[in-house]
Amino acid sequence: MMIDLHGYGSQLLLGAQVTVELAMSSLLVGLILGLLGASAKLSRFRLLQWLANGYTTLIRGIPELLTVLIIYFGATTVLMGIAGWFGYEEYIEIGPFAAGVTALGLTFGAYATEVFRGALQSIPKGQHEAAIALGMGSMRKFYRIILPQVWRIALPGIGNLFLVLLKDTALVSVVGLDDIMRKANIAVNNTKEPFLFYLAAAFMYLALTVVSMVVVSYFEKRANRGLHRG
């Protein structure tokens, strides 16, 4: 039995593509911010600790929808003000995709900071001492010794955060991004069949979630290869 989507099936698929692109871009931004935030929290410099704590407290204390709206409407004002200082008078507009990546990346990064911080703290001090004894510099020690272990320990938590991020992409539809939710809303407005299209959107998010869980499980198994479990 085929479900009649009144010709909007291809539009929903295009919306799914935008959703995946938004989620992956936000994930990349969030991972970078999470690593930087965790490193700052564990830094011996009080200023970096203060900045990281302020970032995570602020972002985690604001609903994701408000973060999206503030970034979308506020970033344009801020950029226009900065440009005005340099004599640039042209209108600057932040698109829905860029605003979504920024907002979701900031949110993901705030939560990922705590995941990475816990992973970094779980690395035995002997690992650091052994790397130094082998003559490794700070950067080489981080990439060769610390990061692979942090990735393995943090991956389950990061995977869970990504599943939340994937669903939070629906929030960006409120500022006009043509993702799954916006495509579904357009179809509902034109066909007056909300149950059909919202159910179709739900199945698409569910499918993306299942695929994401499979991919995360694969990376977890790969990261744990050769690890002895007593």
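Reader: By class, how many nonpolar, polar and charged residues has the lining of the second largest pocket?
Author: This is a predicted model, where local features need pLDDT of at least 70, side-chain atom pairs count only at pLDDT 80 or more, and totals for chains, interfaces and linings use all residues. Residues are numbered from 1 along each chain, and side-chain values use heavy atoms, without hydrogens and water. A pocket is an open set of 1 Å grid points over the protein atoms alone where a 1.4 Å probe fits, with protein on both sides within 12 Å along at least five of seven lines; lining residues have an atom within 4 Å of a point. With Ala, Val, Leu, Ile, Met, Phe, Trp, Tyr, Cys and Pro as nonpolar, Asp, Glu, Lys and Arg as charged, and the others, Gly among them, as polar, the lining has 15 nonpolar, two polar and no charged residues.

Reader: Which residues lie nearest the centre of the second largest pocket?
Author: The second largest pocket has 17 lining residues. Nearest its centre lie M24, L27, F162, V215 and V216.

Reader: How many charged residues has the lining of the largest pocket?
Author: The largest pocket is lined by 15 residues, with S39, L120, H128, F142 and I146 nearest its centre. By class, nine of the lining residues are nonpolar and four polar. The charged residues number two.

Reader: Which residues does A200 touch?
Author: A200 lies 9.2 Å from G9, C-alpha to C-alpha, although the two are 191 residues apart in sequence. Counting contact as heavy atoms within 4.5 Å, and leaving out residues up to four places away in sequence, A200 touches L5 and L12.
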